[in-house]
Amino acid sequence: MDAQALLEQAPDGQVASSATRLAGFSGWQGTGRSDTALWGLCKGSGKNPYQVCVDLGDRATKCSCPSRKFPCKHALALQLRDLREPFPVTETPDWVTEWLTRRNRAAGPAASAGSDDSPEAVERRAKAKEKTALARQNAVRAGVAGLTDWLGDVAGAGLAGLPARDAAWWHSIQARMVDAQAKGLASAVDEVRGIVAAGGPRWAHDAADRLGGLHLLARLSSSPDAVIRRRLGFSVAEEEVRAGPGWTDQWAPLLKVESDDGLVRTVRQWAWGRSHGWVVAVRHAGGGGRPVPPLTHGVQVQGVLHPYPGVPPHRVAVGELLVERRPEPVPAPSTWRAALAGLEEHLKADPWQRLHPLGCASVRVTADTRHLVDEEGRGLQVRGDLGLDQALALTGGGQFDAWGLWNGRELRLGAVAVAGGAPEVVG
């Protein structure tokens, strides 16, 4: 279970936020794990620390704090700490053993009933699952209704008033989306807030673009389409994806970007498959930890990746990896026009996608280092950062093949190759 999946178990946004901060708290002691449980002691406001433990079988939790929210912030923080750096295997404390024993004793009849494969039992489980899914659907529907009202208020007041809105105003709608179990909408609102806060000459244009995307998503929210459900915040368990079909290929991870929404740090890594094209692997970390890329960056690997439902470039779960080697040459379109034309299908399938892997052969950097020009003389704006500096150092200012992430305005350079050679990651 990754950090995002853990935080999605929080009863509300406040608990998730508090758990993330508490995961980095220095007042933990006695942490440990076994094959079946995690445990630790967390300093609280009283004389005695809180006793916190987690059953790894079903992620049930127990904490001696007075909170009436389950799981509480201490139980989530404990799991985030273990996720960031696994606890040592130690002897299980008596208080943990007693709790696990009581749980196992109480679960005895229920476990027997759970293993019942009779038609009646199968039907009961199916109905319970359907009830849970319906409750989530209704919560999201209510969240979408609230978001629609909020978008109407924003449109009525005008974009010019957004910079004057305080943090509490933005937090209110984000928290409402989190409470509605629509984390995708909460993240989208936070993106608008970030654009407004950053300012600059294009902030109003970019904010209007994102608000329009939110309006489109709200209008289509009842669709069963996999892309729309993912954008709303419905997720598919990684274990379920790994249990499905996999793609065997030679994968070259060339591009990556890291982000931090205040609760979870995320690394997204785009890999080129010789038979499957671009895919993206994602990994999260909470509690102040920094996520490790799912694949060894810049190193070609032979292995199996399992695609999530959706459209290209598919998100993938990493399966069995076999052989790592230096990357072989990766093909790239001959012009920027051809490269950008190749994005049309992807933009139609997922108009909310903001970063697209893009490559072009035989480009050169302009004298002002602001553009990459192809053999037809057409230029694409390039981001002036460490990646560009490294590309210039590797290529000596000559022509090179380039790959990067395109956001609609500029290319964030991620890998380069000289004259059809093997790509090398930069940045």
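Select aspartate 385 and glycine 387 at the start of H13: a side-chain oxygen of the aspartate comes to within 3.1 Å of the backbone nitrogen of the glycine. The model is a predicted one, and each stop below should be read as part of a prediction.

**Helix H13**

Now select the whole helix, residues 386–395, and colour Gly387, Leu388, Ala391 and Thr395, which are its buried residues. Looking down the axis of H13, you will find these buried residues within an arc of 95°, so they line one face of the helix. The spacing follows a general rule: an α-helix has 3.6 residues a turn, so residues three or four places apart point the same way.

What covers the buried residues of H13? Show strand E10 (356–365), strand E13 (400–406) and strand E14 (411–417), which are among the covering elements. Then step off the end of the helix to glycine 396, which follows H13 and has a positive phi, near 65°.

From E14, go on to alanine 419, in the loop between E14 and strand E15 (424–425). Alanine 419 is not a glycine, yet its phi is positive, about 50°. Is alanine 419 buried or exposed? With a relative accessibility of 71%, alanine 419 counts as exposed.

Next select proline 312 and proline 313, which are joined by a cis peptide bond with omega of about -10°. Proline 313 sits in the loop between strand E8 (300–307) and strand E9 (315–325).

**The four-stranded sheet**

Move to strands E1 to E4. They form an open sheet with the order E1-E2-E3-E4 and antiparallel pairing. Strand E1 (28–33) and strand E4 (61–63) are the edge strands, each pairing on one side only. On average, neighbouring strands of this sheet are turned by 10° against each other, direction ignored.

Select E2 (residues 37–42) and E3 (residues 50–55) to see an antiparallel pairing over 6 bridges. Leucine 38 has valine 54 in E3 as its bridge partner.

Phi of arginine 59 is positive, near 65°, in a residue other than glycine. The side to look at next is its accessibility: arginine 59 is partly exposed, at a relative accessible area of 24%.

Then go to the loop between E4 and H3, which holds proline 71. Phenylalanine 70 and proline 71 are joined by a cis peptide bond, with omega of about -10°.

**Cysteines around the sheet**

How many disulfides does the structure hold? The count is 0. Cysteine 72 is in no disulfide, although the sulfur of cysteine 63, the nearest cysteine sulfur, is 3.8 Å away; the cut-off for a disulfide is 2.5 Å.

Finish with accessibility: cysteine 53 counts as buried at 1% relative accessibility, and cysteine 72 counts as buried at 5%.

Methods:
Residues numbered from 1 in each chain as written. Predicted model: local features only at pLDDT ≥ 70, side-chain atom pairs only at ≥ 80, totals over all residues. Heavy atoms only, no water. Pairing = 2+ DSSP bridges. Helix = DSSP H or I, 4+ residues; strand = E, 2+ residues; numbered from the N terminus. Axes fitted to C-alpha atoms, helices over the stretch in contact; angles between N-to-C directions. Buried < 20%, exposed > 50% of the residue type's maximum accessible area, 1.4 Å probe, protein only. Arc of directions from axis to C-beta. Contact = heavy atoms within 4.5 Å. Polar contact = N/O pair within 3.5 Å; in protein donor to acceptor, adjacent residues only side chain to side chain.
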